[in-house]
Amino acid sequence: MIAPNAGPLTGSGTNTWILVAARPVVIDPGPDDPAHLAAILAHLDGRRPEAILVTHAHADHAGLARPLAARTGAPVLAYGDATAGRSPAMRALAAAGHGWAGEGVASVGAPDRALADGEVLSMAGRRIVALWTPGHFGNHLSFEVDRAIFSGDLAMGWASTLISPPDGDVDDFIASCRRLRGRDPAILLPGHGAPVAGAADRLDWLIRHRQEREAAVLAHLSRGAADLAGLTAAIYAGTDPALHPAAARNLFAHLVALHARGRVQATPALSPEALFSQADVG
């Protein structure tokens, strides 16, 4: 099922996946939209879900979790609340008040049950493995069922993932893509867009894309210092300017990672408003 929230960051809308059984499992109920809630309830046709699984706390995925739980009595299962799983660098950025609100965070609080990384659920007649896959969001989970992986916003076919600090971390993103690649999935069932049959190729591309973006940042800074707006205009010169605010978030995620590795300096301090320069590594 696809929620009616199409847009530049959501593609055709948020995918709500339902594992059909006498006691179904709902994965990512979607945004808090009455029409989408009615559509899910109609599809359930009176069956009480065994659980509502949430990949991450962005409002377009988790906003409907509590209303659906209230209507069906099903528990909400997720990795943790909206701050769970943040890397130390992202916790520091959040504490300093840096970063963006991103796509908006759902006000669902803590889940009814927090899922551990690698936890196995026996639900809907299936073996569901919860995999902690931060990068797009610190509390992001992917759910493996046989050789299919419900990959949320970590890995999609229609677009590369937005990584928006302090919720997103580019080094975590690459590590999570490598982790899913190591699971040898046959297909990815993402949070937006069509299923991705060439799972391995897509994960390889996502990793390579981030590595190439990092190289572009370093190449630009090798020619002189720049602020985030200047970097965005240069590196995304061929991209619709309406998308530059989202592109700037991605670039800042790369700059945070490069700063942590001592490859980039930020003056006067690390923030989206800093002046960035290539560090002297000699």
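# Report on a predicted model

A110 lies in the loop between α4 (88-95) and β5 (113-114). The structure described here is a predicted model. The C-alpha atoms of A110 and G80 are 5.8 Å apart, although 30 residues separate the two along the chain. Setting aside neighbours within four places in sequence, A110 is in contact with R66 and D81.

## Helix α3

Helix α3 covers residues 65-72, and in this helix A65, L68, A69 and T72 are buried. Seen down the axis of α3, the buried residues fall within an arc of 100°, so they line one face of the helix. An α-helix has 3.6 residues a turn, so residues three or four places apart point the same way. The face of α3 turned away from the buried side carries A70 and R71, which are exposed.

What do the buried residues of α3 pack against? Their partners are the strands β2 (25-27), β3 (51-53) and β4 (76-78), together with the helices α1 (34-44) and α2 (59-62). Just after α3 comes G73, with a positive phi of about 80°.

## The five-stranded sheet

Five strands form an open sheet in the order β6-β7-β8-β9-β10, and the pairing is mixed. Its edge strands are β6 (120-123) and β10 (187-190), each of which pairs on one side only. From one strand to the next, the twist averages 25°.

Within this sheet, β7 (residues 126-132) and β8 (residues 141-145) pair in the antiparallel sense over five bridges. The bridge partner of W132 is L141 in β8. Helix α5 (residues 170-182) packs on the sheet and touches β7, β8 and β9 (148-152). The direction of α5 makes about 155° with that of β7.

Strand β7 also contains R126. Is R126 buried, exposed or partly exposed? Its relative accessible area is 32%, and R126 is therefore partly exposed. Apart from neighbours within four places in sequence, R126 is in contact with L19, V20, L121 and V145.

L19 counts as buried because its relative accessibility is 7%, and the cut-off for buried is under 20%. Not counting residues up to four places away in sequence, L19 touches P24, V25, I27, A124, R126, I128 and F150.

| Residue pair | Places apart along the chain | C-alpha separation |
|---|---|---|
| A110 and G80 | 30 residues | 5.8 Å |
| R126 and V145 | 19 residues | 7.0 Å |
| L19 and M90 | 71 residues | 34 Å |

## The three-stranded sheet

An open sheet of three strands has the order β11-β13-β12, with antiparallel pairing. Strands of a sheet pair through backbone hydrogen bonds, either parallel or antiparallel. The edge strands here are β11 (226-227) and β12 (264-267), and each pairs on one side only.

How many bridges join β11 and β13? The antiparallel pairing of β11 with β13 (residues 275-278) runs over two bridges. A226 has F276 in β13 as its bridge partner. Helix α8 (residues 244-260) packs on the sheet, where this helix touches β12 and β13. The direction of α8 makes about 110° with that of β12.

T267 stands opposite L275 in β13. T267 and Q265 belong to the uncovered face of β12, whereas V264 and A266 make up the covered face.

## Helices α6 and α7

Helix α6 (residues 199-221) lies across β11, β12 and β13, and runs at about 90° to β13. This helix also meets α7 (residues 228-235): the two axes come within 11 Å and cross at roughly 115°. The crossing of α6 and α7 is right-handed.

Which residues make the contact between α6 and α7? From α6 come R213, A216, V217, H220 and L221, and from α7 come L231, A234 and I235. The residues of this contact divide into six nonpolar, one polar and one charged.

Definitions and conventions: Residues are numbered from 1 along each chain as its sequence is written. This is a predicted model: local features need pLDDT of at least 70, side-chain atom pairs count only at pLDDT 80 or more; totals for chains, interfaces and linings use all residues. Side-chain values use heavy atoms; hydrogens and water are left out. Buried means under 20% relative accessible area, exposed over 50%, partly exposed in between (1.4 Å probe, protein chains only). Helices (H or I, at least four residues) and strands (E, at least two) are DSSP runs, numbered from the N terminus. The arc is that of the directions from the helix axis to the C-beta atoms. Contact means heavy atoms within 4.5 Å. Two strands pair if DSSP finds at least two bridges between them. Axes are lines fitted to C-alpha atoms, for helices over the stretch in contact, and angles run from 0 to 180 degrees between N-to-C directions. A crossing is left-handed if the near helix is turned anticlockwise from the far one by less than a right angle, and right-handed if clockwise. Ala, Val, Leu, Ile, Met, Phe, Trp, Tyr, Cys and Pro count as nonpolar, Asp, Glu, Lys and Arg as charged, and the others, Gly among them, as polar.
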